[in-house]
Amino acid sequence: MRIEKAKRVEQIPPYLFAEIDRKKGEMRRKGMDLIDLGIGDPDIPTPQPIIERLKKAAENPKHHRYPSYEGMIEFRTAVARWYERRFGVMLDPKTEVLSLIGSKEGIAHIPLAFVSSGDYVLVPSPGYPVYRVSTLFAGGTPYFLPLQKENGFLPKLSEIPKTVAEKTKLLFINYPNNPTSAIAEKTFYEEVVDFARRYQIIVCHDAAYSEVAFDGYRPLSFMEVEGAKEVGIEFHSLSKTFNMTGWRIGFAVGCSEIVSALGKIKENIDSGLFQAIQEAGTEALNHFDTPLPEIIKIYERRRDMMVKGLREIGLQVEPPKATFYLWIQNPKGYTSAQFTALLLEQAGIVSTPGNGFGDTGEGYIRMALTVDESRLKEAI
Ligand SMILES: Cc1ncc(COP(=O)(O)O)c(C=O)c1O
């Protein structure tokens, strides 16, 4: 039988990190010892109290049945309390909080709730690849917003043509930013709220890295800005905050109408999040103050060592205030793909080419500080 894939599948390139995994496998088979600075997957274990809570919760037969679609009220209440403690933002756990099977899941589904064929979605370039692909899956057209060094890697909303803005349904933003590690201040978010109101655009703020910040810096929630809750939704994840990438737990908060529309899509696609994991997530949010100092100290040391080392060998990189990524300019004469290939083939260092995150990422590579210091020294 001839297996013919849907056009939506044909139009997407292989998932960036799946492609890098394939290349890594090839090099390993050749016997290369790899230093993997590719994907941003924390190497430090989940804090013990969270693991203990999961163990206990897993024994409870109540949790072996289907969970509720929107998430346990205890988990959603813990999210609301954490938002109040951390950001001073009040949320109604019943209507303004939704559990997610990792924030990627929510980001992947939200265009299905709002985007119809012919609609634009504003997508940062470079940016987390899921914004673009989820837009395409929903039949929308991504309109790329270049993130450039001279603008602090913030999009210039004033440069978006009016004709595009008028046909736009969603705007994706993400600060602290992957891959550039840039941060955003309140004035930027205020500009975003104004823009969203003017053109009736729903703002999707991806705050996956809000709790990975250094030197005492505390990233803002988009929801802290006046009017944000009327125009937007914010995606969060326990993945990077508590080293829980494998657990698959995240949440979305914000405007109740937007949250419930995403919930409606999810009700028809998934059956919620294993309740024992929600109990563990509740433990994490209630028990710890974030950013978690013991995690942050480790990343700070790695960042300082790596930035110093890379600068000493002549590479241009700024020390990030947040995220565990370094956004490094290519040496002269190399494209991003050539530089990552050189690092992989000659030194066994896995990094990510900047253009894999969008055309404007050309000229850079990204390294994740998710291996220990001795391996980072070796990489230098
Ligand atoms: C910017 C950004 N958003 C969202 C995610 C998804 O995180 P998760 O699905 O583990 O919550 C990631 C993961 O790397 C990310 O970099």
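Where does F153 lie? In this predicted model, F153 is found in the loop between strand 4 (141–146) and helix 7 (162–165). Its phi is near 60°, a positive value in a residue other than glycine.

**Around the ligand**

- The ligand sits in the second largest pocket.
- There are 15 residues around the ligand, and D206, S237, S239, K240 and R248 come nearest.
- By type, the shell around the ligand splits into five nonpolar, six polar and four charged residues.
- Helix 5 (residues 103–114) gives the most to that shell, with three residues.

- On its own the ligand has 400 Å² of accessible area, and the protein covers 92% of that.

**The open sheet**

- Strands of a sheet pair through backbone hydrogen bonds, and they can run parallel or antiparallel.
- Here, three strands make an open sheet in the order 9-12-11, with antiparallel pairing.
- Strand 9 (325–329) and strand 11 (352–353) are at the edges with a single partner strand each, so one side of each has no neighbour in the sheet.
- Strand 11 pairs with strand 12 (residues 364–368) over two bridges, in the antiparallel sense.
- If you want a spot to look at, P353 stands opposite I365 in strand 12.

- Most residues other than glycine have a negative phi, and most peptide bonds are trans.
- F153, from the opening question, has a positive phi.
- Which peptide bond is cis, with omega near -10°? That's the one from Y175 to P176.
- P176 belongs to the loop between strand 5 (168–173) and helix 8 (186–199).
- T290 and P291 are likewise joined by a cis peptide bond, with omega about -10°.
- You'll find P291 in the loop between helix 11 (275–287) and helix 12 (293–312).

Terms used: Residues are numbered from 1 along each chain as its sequence is written. This is a predicted model: local features need pLDDT of at least 70, side-chain atom pairs count only at pLDDT 80 or more; totals for chains, interfaces and linings use all residues. Side-chain values use heavy atoms; hydrogens and water are left out. Two strands pair if DSSP finds at least two bridges between them. Helices (H or I, at least four residues) and strands (E, at least two) are DSSP runs, numbered from the N terminus. A residue is near a molecule or strand if one of its heavy atoms lies within 4 Å of it. Accessible areas come from the Shrake-Rupley method with a 1.4 Å probe; for residues, only the protein chains shown count as cover. On a 1 Å grid over the protein atoms alone, a cavity is a set of points where a 1.4 Å probe fits but cannot get out, and a pocket is an open set with protein on both sides within 12 Å along at least five of seven lines; lining residues have an atom within 4 Å of a point. A molecule sits in a cavity or pocket if more than half of its atoms lie within 2 Å of its grid points. Ala, Val, Leu, Ile, Met, Phe, Trp, Tyr, Cys and Pro count as nonpolar, Asp, Glu, Lys and Arg as charged, and the others, Gly among them, as polar.
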